[in-house]
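I opened this entry to keep a record of what I looked up.

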Amino acid sequence: MSAEIIYGKQLAEELRQEMKEEVTELSKQGVHPKLVVVILGEDPASMSYVKGKQRASEKIGMDSELMELSEETPELELLKIINQLNNDETVHGILVQLPLPKQIDEQKVIEAIAPSKDVDGFHPSNVGRMMTGQETFYPCTPYGILVMLKRANIDIEGKHVVIIGRSNLVGKPVGQLLLNEHATVTHCHSRTKNLREHTKQADILIVAAGKADLITGEDISEGAVVIDVGVNRVDGKLTGDVDFESAKEKSSHITPVPKGVGPMTITMLLHNTIKAAKWIHQK
Ligand SMILES: Nc1nc2c(c(=O)[nH]1)N[C@@H](CN(C=O)c1ccc(C(=O)N[C@@H](CCC(=O)O)C(=O)O)cc1)CN2
């Protein structure tokens, strides 16, 4: 068997075209969705992600602002900036790029963002709403994975989803979103014993471990769906957590790296920002 490759990049482009039309319609009603992205320091990977977010916003006609702050910015100063953005009626979405420098308490920053502008979906209030199956902003990478699975017509209900990784950004929320869709979910992580015994049982395997080529064809069952969330740089080359060539021969569907899950992250951020603008203007 050779897998069908799910290109997130292609789906992202289709969705962004639809969003562009939605932004045009909203602007006719006087609603101009605006995203503000805050970054501290100049880490090259983070810098490229935030520039990507800004470019993508502009391409669909959405207002966006990039606030580039020094790596040494004190926590209190960042909290003050967030407070100003919370009170700025022209701003609908606020995103602080992670990870943050060591002098800053990441959780404090996440909790400072108004839940109604938390387009990352990381605020405990939004996480709680997601857990209880209520409408809210879902974290962008997990939400992107859910949309990819649905658009590829992959059944989720009753399927055994095995997730490797338990981060707040990806592992935990993707498990919750798929549980909400009636999947049976198993979480594996760095302390899991006999990892292969678990991965072999997966109908859908989601790998978000941050370890290049952790999973190979031998770790998966014939016909499994494999979603690779890894973004690793090995000898200057971008690679996922899954050995694509061997996994492709066993799976029914697989996402590549690059051009797989990654582009969906930014797309769902645009979706969340439009949603935030619509909510505010419906009030
Ligand atoms: N506040 C947030 N910080 C971070 C998030 C997040 O969702 N919110 N996620 C990641 C990084 N990230 C977005 O911020 C992100 C990662 C990867 C991609 C992407 O498009 N990847 C491409 C490859 C890009 C490359 O060449 O490096 C792909 O996989 O095809 C987009 C966004 C951590 N921080």
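My notes follow, by topic.

**Ground rules**

I number residues from 1 along each chain as its sequence is written. The model is predicted, so to speak of local features I need pLDDT of at least 70, side-chain atom pairs count only at pLDDT 80 or more, and totals for chains, interfaces and linings use all residues. My helices (H or I, at least four residues) and strands (E, at least two) are DSSP runs, numbered from the N terminus.

**Domains**

I looked up the domain assignment, whose bounds come from an automatic or database source. It gives domain 1 (31-114) and domain 2 (140-262). I noted 28 Å between the centres of the two, taken over C-alpha atoms.

**Sheet with β2**

I call two strands paired if DSSP finds at least two bridges between them. Three strands make an open sheet with parallel pairing, in the order β3-β2-β4. β3 (63-69) and β4 are at the edges with a single partner strand each, so one side of each has no neighbour in the sheet. I found seven bridges between β2 (residues 34-40) and β3. V36 has E65 in β3 as its bridge partner. Helix α2 packs on this sheet and touches β2 and β3, its direction making about 170° with that of β2. For such angles I use lines fitted to C-alpha atoms, for helices over the stretch in contact, and the angles run from 0 to 180 degrees between N-to-C directions.

**Sheet with β8**

The six-strand sheet is also open, has parallel pairing and runs β1-β11-β8-β7-β5-β6. β1 (4-5) and β6 (184-188) stand at its edges; each has a single partner strand, so one side of each lacks a neighbour in the sheet. I then checked the pairs. β5 (residues 160-164) and β7 (residues 204-207) are joined by four bridges, and I163 stands opposite I206. Helix α7 (residues 171-180) packs on the sheet, touching β5, β6 and β7, and makes about 170° with the direction of β6. β7 and β8 pair over four bridges, with L205 opposite V226. β8 and β11 pair over two bridges, and V225 has H253 of β11 as its partner.

Is β8 covered on its faces, or open? I found both faces covered: V225 and I227 on one side, V226 and D228 on the other, are all buried. I call a residue buried if 20 or more other C-beta atoms lie within 10 Å of its own, exposed if 12 or fewer, and partly exposed in between, with C-beta atoms placed from the backbone. In a regular strand the side chains alternate between the two faces of the sheet.

**T255**

I looked up T255 next, in the loop between β11 (253-254) and α10. T255 is buried, because 29 other C-beta atoms lie within 10 Å. Beyond neighbours within four places in sequence, T255 contacts I6, G8, I227, D228, G260 and V261; contact means C-beta atoms, placed from the backbone, within 7 Å. T255 and G8 are 247 residues apart in sequence but 7.5 Å apart in space, C-alpha to C-alpha.

**Ligand shell**

Which residues of the shell are closest to the ligand? I noted Y49, L98, P258, G262 and T265, out of 20 that surround it; the test is a C-beta atom, placed from the backbone, within 6 Å. The elements giving two or more residues are α2 (44-59), β4 (93-96), α6 (140-151) and α10 (262-282). α10 gives the most, with four. Both domain 1 and domain 2 give residues to the shell, so the ligand lies between them.

I found a cis peptide bond joining L98 and P99, with omega about 0°. P99 is in the loop between β4 and α4 (106-112). The bond from V257 to P258 is cis as well, omega near 0°, and P258 lies in the loop between β11 and α10.

N153, not a glycine, has a positive phi of about 60°. N153 sits in the loop between α6 and β5 and counts as exposed, with 7 C-beta neighbours inside 10 Å. D235, also a residue other than glycine, has phi near 50°. D235 lies in the loop between β9 (232-234) and β10 (237-239), and counts as exposed with 5 C-beta neighbours inside 10 Å.

Technical notes: Two residues are in contact if their C-beta atoms, placed from the backbone, lie within 7 Å.
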